[in-house]
Amino acid sequence: MTGSSLNPDYGSQRDTQADKGGVMTDKPHLDEEALAELKEVMEDEFDVLITTYLSDSRDRISTLRQALEREDPEGFSKAAHSFKGSSVNIGAPCLGELCLNAEKAGRAAQLEEAAAVLDQIEREFDTVRSLFEKLLNT
């Protein structure tokens with residue numbers, strides 16, 4: 001299976017993402033090439049993989065929010081690191097980069113910055129979720 005089997009609207013969207021701190025990224029919401037490879041490897045289980053990622057991501061965002069509420073920068077950093085890995089692996093590079101920023105803020109114990117990045121993560125996840133749901137329904 002090739003990248004052409006995916007609707008280009010899902011993978012090639014390259015909005016420039018600006019966070020409140022002025023950090024810019026030109027990473028796409030979804031990486032069409034990575035998704036095509038996953039679809040080829042996973043075959044019939046691709047939809048299950050995406051559905052599981054979406055469900056797990058909601059839990060990860062909740063874990064990040066709870067770590068902030070507990071003022072636990074180490075827990076926040078670890079949760080962001082884990083979310084970063086799953087996002088990059090699933091083909092959501094912009095979300096992965098935001099999680100890297102969150103991980104760095106947690107490691108530096110900059111909880112105010114971490115909270116701002118978490119808001120960005122939640123917005124980007126809403127976009128990624130919507131794109132994945134459209135992809136699953138095609």
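Biologist: What should I know about numbering, confidence limits and atoms first, and what pLDDT do local features need?

Modeller: Residues are numbered from 1 along each chain as its sequence is written, and side-chain values use heavy atoms, with hydrogens and water left out. This is a predicted model in which totals for chains, interfaces and linings use all residues, side-chain atom pairs count only at pLDDT 80 or more, and local features need a pLDDT of at least 70.

Biologist: What is the mean pLDDT of the protein chain, and which stretches are below 50?

Modeller: pLDDT is the predictor's confidence in each residue, from 0 to 100. The protein chain has a mean of 86, and 82% of its residues reach 70 or more. Where pLDDT is low, the predicted coordinates should not be read in detail. Below 50 are residues 1–5, a stretch with five contacts (heavy atoms within 4.5 Å) beyond near neighbours in sequence, and, with 35 such contacts in the model, residues 10–24.

Biologist: How many helices and strands are there, and in what order do the elements run?

Modeller: Helices (H or I, at least four residues) and strands (E, at least two) are DSSP runs, numbered from the N terminus. The protein chain has six helices and two strands. From the N terminus on, the order is α-β-β-α-α-α-α-α.

Biologist: What share of the contacts between residues at least 6 apart in sequence joins residues at least 24 apart?

Modeller: Take the contacts in the protein chain between residues at least 6 apart in sequence. Those that join residues at least 24 apart make up 65%.

Biologist: What share of the residues is buried, and how much of the accessible surface belongs to carbon and sulfur atoms?

Modeller: Buried means under 20% relative accessible area, exposed over 50%, and partly exposed in between (1.4 Å probe, protein chains only). Of the 138 residues of the protein chain, 40% count as buried. By the Shrake-Rupley method with a 1.4 Å probe, where only the protein chains shown count as cover for residues, the accessible surface is about 7,300 Å², and the part belonging to carbon and sulfur atoms is 46%.

Biologist: Which residues of the largest nonpolar core touch the most other members, and which element gives the largest share?

Modeller: A nonpolar core is a set of buried Ala, Val, Leu, Ile, Met, Phe, Trp, Tyr and Cys residues joined through side-chain atoms within 4.5 Å. Among the 31 residues of the largest one, Y53, F76, F83, I121 and F132 touch the most other members. Two or more residues each come from α2 (32–42), α3 (46–69), α4 (73–90), α5 (93–107) and α6 (111–136). The largest share, nine residues, is given by α6.

Biologist: Which residues does F132 touch?

Modeller: Residues up to four places away in sequence are not counted here. The partners of F132 are then L30, L35, I50, Y53, L54 and I90.

Biologist: How many aromatic pairs are there, and how are the rings of Y53 and F132 arranged?

Modeller: Rings of Phe, Tyr and Trp (its six-membered ring) pair if their centres lie within 6.5 Å, with planes under 30 degrees apart counted as stacked, over 60 as edge-to-face and the rest as tilted. The count comes to one aromatic pair. The ring centres of Y53 and F132 are 6.0 Å apart and the planes stand at 75°, so the pair is edge-to-face.

Biologist: How far apart in sequence are the parts that Y53 and F132 tie together?

Modeller: Both Y53 and F132 are buried. Since Y53 lies in helix α3 and F132 in helix α6, the pair ties together parts whose separation in sequence is 79 residues.

Biologist: How many salt bridges are there, and which residue forms one with R65?

Modeller: A salt bridge is a side-chain nitrogen of Lys or Arg within 4 Å of a carboxyl oxygen of Asp or Glu. The structure holds nine salt bridges. With the closest N and O atoms 2.7 Å apart, the partner of R65 is E122.

Biologist: Which helices hold R65 and E122, and are these residues buried or partly exposed?

Modeller: R65 lies in helix α3 and E122 in helix α6, so the pair ties together parts 57 residues apart in sequence. The relative accessible area is 26% for R65 and 24% for E122. R65 therefore counts as partly exposed, and E122 likewise counts as partly exposed.
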